[in-house]
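Here is a short briefing on one protein model.

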Amino acid sequence: MDYLDRLSRFVEETSLEHLPEAAVRAARLVLLDTIGAMVAGSALPENRRLAGSVRERQSRAAATLLGHGGRVDPLLATFVNATAGVALEVDEGSRLGGGHPAIHVIPAALAVAEEAGAEGRRLLESIIAGYEVCSRLGGATTPRPNVHSHGTWGTIGTAVAVAKLAGFDAGSVKAVINLAASMSPANTWTTALEGVTIRNAYPGRSGLEGILAVDLHRAGFTGLRDAPADVYGTILADRFEPQDALDGLGGPLRIQQNYFKRYACCRYNHFALDALLAMARAERLTADQVERVVVTTIPFGPRMADPAPASMLAAKFSIPYAVAAALVLGRADAPAFVEPALTDPRIRALAARVEVRVDPRMSPRRVDYPTAVVEIVRKDGRASSGSTSVVRGDFEDPVPAAEIVDKFLALAGETLGATRARDVVRLVEQAETLKDVRDLTALLSPAP
């Protein structure tokens, strides 16, 4: 069997009955974390307006607009919910896959499962299968320098999850993968770095396309024999190595090998932030003691070196801003990237004194070498330095599940209310026992 045959067979055979409890726990936690990201992001003004415009369309009312209330076609719910889910930069990701599988899998899986009234067990199986495939294809891909992974192989993750919910056999799953690959959006980093919010629609668009890939298969459309190799090998990537997608298949699941974000910004900031905040705590360092900061990090770092970002999203992709905000505020959570922090003169002044350098040996996927070295020079001339290899929250340095639950409650509580947010936690913690996913989705908008 070729690599697509083996991945498709994995999807067909994925069953909670044959998975270790650790894998099920991981899937539940990823589901909770991703719901929190979507609900919290739904509160942003542009996402409220998008939900309002979608509600005005005539469609079958089958899937919930998370954080807003009301039901729409699963296609449209997926688009809105996935778009909201990346707005605050708090969604989990895959170091091994080089992107964010959950936000490309869960919005559609949840919407389609809700429409079908599926059991929670089937929802978790679809999430695990979609996550595994798109993370593996992401790991086999070396994207071109300006290609943003959001929305590329994520289309396949959505399609696989929806195909799993539909009960497709391996042959149909393979056909859907090939259709979805040829529908992959081509997206750039430029929008994120300049802080324009069309970037947030990347996973929404790929989720919509992934559902359509399943519809196209049902309608009899045909795809290439190996569409991922065509799309990633010739257009979106410098290199695509199909056999790399099979490395470790049959071992720990990729959903068990993820990372959870502890800071509300681009993952590439986290390398410096972990080192910086550890130093600040250990040395009782305050921002007014700091003359300048030098961050040495991965080769992508200089693209994130703008010290004066003009928007919330741009600030989340600025190493100088994130470093300065963390020193001034002592944190890098969601409020650290919006007003009044965004225009705080203390943060702006310090960000202008943060220098970003490169070590070409550093890589976000390495664990045997630093991902960032931070040097702090004080105003009295003293200097100190610290480094990060694996970021806290990665599966190699995990945080307790209770910390992810607390993160969810903080993110979702403001929109859903504290009591309803705790009810969501309770249901997700027993997701595989739910007889109808709609028992969960009914809680994912504010109480009437």
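Strands (E, at least two residues) and helices (H or I, at least four) are DSSP runs, numbered from the N terminus. This is a predicted model: local features need pLDDT of at least 70, side-chain atom pairs count only at pLDDT 80 or more, and totals for chains, interfaces and linings use all residues. Residues are numbered from 1 along each chain as its sequence is written, and side-chain values use heavy atoms, with hydrogens and water left out.

**T142 and strand β3**
- T142 lies in strand β3 (residues 141-143).
- T142 counts as partly exposed, at 30% relative accessibility. Buried means under 20% relative accessible area, exposed over 50%, and partly exposed in between (1.4 Å probe, protein chains only).
- Neighbours within four places in sequence aside, T142 is in contact with A237, D238 and R239. Contact means heavy atoms within 4.5 Å.
- T142 and E241 are 99 residues apart in sequence, yet 8.6 Å apart in space, C-alpha to C-alpha.

**Helices α4 and α10**
- Helix α4 (residues 74-85) packs with helix α10 (residues 201-219) at an angle of about 155 degrees, their axes 7 Å apart. That makes α4 roughly antiparallel to α10.
- Angles under 35 degrees count as roughly parallel, over 145 as roughly antiparallel, 65 to 115 as roughly perpendicular and the rest as oblique. Axes are lines fitted to C-alpha atoms, for helices over the stretch in contact, and angles run from 0 to 180 degrees between N-to-C directions.
- On the α4 side, P74, L75, T78, F79, A82 and T83 make the contact. They meet A201, P203, G204, R205, G207, L208, I211 and L212 in α10.
- By class, this contact of α4 with α10 has 9 nonpolar, 4 polar and 1 charged residues.

**Nonpolar cores**
- The largest nonpolar core has 88 residues. I35, I156, I255, V424 and L440 have the most contacts inside it.
- Helix α2 (residues 21-41) gives this core its largest share, 11 residues.
- Another core, of 59 residues, lies apart from it, with L277, L285, A325 and L327 among its members.
- A nonpolar core is a set of buried Ala, Val, Leu, Ile, Met, Phe, Trp, Tyr and Cys residues joined through side-chain atoms within 4.5 Å.
- Beyond four places in sequence, I255 is in contact with A23, A26, A27, V30, I127, I128, Y131 and E132.

**S8 and helix α1**
- S8 is found in helix α1 (residues 3-13).
- S8 is buried, with a relative accessible area of 1%.
- Beyond four places in sequence, S8 is in contact with A170, V173, K174 and I177.

Notes:
Ala, Val, Leu, Ile, Met, Phe, Trp, Tyr, Cys and Pro count as nonpolar, Asp, Glu, Lys and Arg as charged, and the others, Gly among them, as polar.
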